[in-house]
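Student: Could we go through this structure together, setting each value against the rule that gives it its name?

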Amino acid sequence: MRVYDVELASRLWLGTSRYPSPAVLAEVVRGAGCDLVTVSLRRESAAQRAGQDFWALVGGLGVRVLPNTAGCHTVKEAVATAHMAREVFGTTWIKLEVIGEGELLQPEVFGLVEAARILGEDGFRVFPYTTADLGVAERLLDAGCRVLMPWGAPIGSGRGLVDPFALRALRARFPSVPMVVDAGLGLPSHAAAAMELGFDAVLANTAVALAADPARMAAAFADAVRAGHAAHAAGPMPPRDFAEPSTPVVGQAWRP
Amino acid sequence: MRLRVNGESRDVAAGTLAAALEELGYLGAHVATAVNGAFVPASARAAWPLREGDALEILAPMQGG
């Protein structure tokens with residue numbers, strides 16, 4: 001798939017949080033053939049310097065990084081964090097999160113659109129984490145976004161695609177915009193369903209990181225993403241309300 | 001002077017952001033900085049004056065989703 005003029009081989013994007021250890025994270029990313037991981041910025045303790053170790057680990061993975069603005073609740077916070085991420089990670093790519101209230105970590109779409117516009121004008125390539133709302137998508141594209149990241153379900157919930165109708169409508173409305181289903185995926189079947197709807201990639205984190213065997217779960221997600229993408233490319237049959245015999249009716253015995 | 005550094009109150013003698021980073025133990029660290037909520041690029045730290053009560057954020061790469 002192609003985003004912002006960059007070709008990515010893998011349609012499975014992985015978050016880097018919550019793994020049992022840095023070694024497991026590295027094993028997962030390499031094993032899944034993933035070439036894009038999301039990363040973040042947090043306060044650095046002068047004594048511990050944990051971020052320096054993580055920076056070395058990410059550098060050793062040889063993959064593209066997509067920094068996020070996770071935890072930002074205002075346009076000002078998100079814009080400042082994006083600038084800090086651009087300097088630290090050396091990329092203009094930013095997964096833009098402006099979070100609304102705390103229970104659902106739902107995107108605050110008005111601030112999201114405003115921050116996307118500001119960052120786009122500042123030379124960022126914005127990957128907005130958004131709802132599946134068509135009007136918001138339209139505004140984000142108007143603000144300069146060339147990719148959309150609609151949520152599947154609330155972050156970390158593992159509930160899958162809670163509104164397939166909205167996701168299908170979004171996919172149909174903007175057929176040529178690269179779209180990545182982000183957040184809420186709990187099982188490989190959820191990822192396959194997103195790909196069957198025609199999404200270009202999925203971003204998973206907790207479902208892999210908190211699995212009993214993260215490397216095996218990542219491999220299962222990678223298989224599911226490939227299968228779902230192939231199914232979409234193959235052109236699924238339309239669903240029907242009533243049965244239709246698959247065996248020919250003509251020439252059937254004991255019929256007049 | 002008294003500053004807020006990553007949410008904690010700290011006494012700092014340095015008068016610029018670059019000097020404060022060194023004084024606080026971040027010399028050579030791969031970090032990004034903000035003062036009072038606004039990004040300050042590394043190239044501007046040496047000339048960035050600090051004032052009593054300024055809030056510094058010193059951030060580093062970390063795991064994220």
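Predicted model: local features only at pLDDT ≥ 70, side-chain atom pairs only at ≥ 80, totals over all residues.

Student: Why is the pairing of A:R226 and A:D223 called a salt bridge?

Tutor: The side chains of A:R226 and A:D223 meet at 2.9 Å, N to O, and because the rule asks for a side-chain nitrogen of Lys or Arg within 4 Å of a carboxyl oxygen of Asp or Glu, the term applies to this pair.

Student: What makes A:R226 exposed or buried?

Tutor: A:R226 has 52% relative accessibility and so counts as exposed, the cut-off being over 50%. A:D223, with a relative accessible area of 47%, is partly exposed.

Student: Which residues are joined into one network, and by what?

Tutor: A:K95, A:E97 and A:D182 are joined by salt bridges that share partners.

Student: How do you know whether A:E7 and A:R2 are buried, partly exposed or exposed?

Tutor: A:E7 has a relative accessible area of 52% and is therefore exposed, whereas A:R2, at 49%, is partly exposed. These two residues also form a salt bridge, with their closest N and O atoms 3.2 Å apart. Over all chains, a search of the whole structure finds 11 salt bridges.

Student: How many of the salt bridges are counted between chain A and chain B?

Tutor: The count between the two chains is 2. In the salt bridge of B:E57 and A:R43, the side chains meet at 2.7 Å, N to O. The side of chain A that touches chain B takes at least two residues from each of β4 (36-43), α2 (50-61) and α3, and its largest share, 7 residues, comes from α3(A).

Student: What is the area buried between chain A and chain B, and which residues of chain A lose the most?

Tutor: About 2,400 Å² is buried between chain A and chain B, with carbon and sulfur atoms giving 58% of that area. In chain A, the residues that lose the most area to chain B are A:R43, A:M84 and A:E87, which together account for 27% of what that side buries. In terms of contact, 28 residues of chain A meet 28 residues of chain B.

Student: Which residues touch the most other members of the largest nonpolar core?

Tutor: Of the 86 residues in that core, A:L12, A:W13, A:L14, A:L96, A:V126, A:F127 and A:V202 touch the most other members. Helix α3 (residues 75-89) of chain A gives the most to this core, with 8 residues. A second, separate core of 17 residues includes B:Y26, B:V31, B:V35 and B:L50.

Terms used:
Residues numbered from 1 in each chain as written. Chains lettered and ligands numbered in written order. Heavy atoms only, no water. Core = buried A, V, L, I, M, F, W, Y, C linked by side-chain atoms within 4.5 Å. Buried < 20%, exposed > 50% of the residue type's maximum accessible area, 1.4 Å probe, protein only. Helix = DSSP H or I, 4+ residues; strand = E, 2+ residues; numbered from the N terminus. Contact = heavy atoms within 4.5 Å. Buried area = accessible area lost by both parts, 1.4 Å probe.
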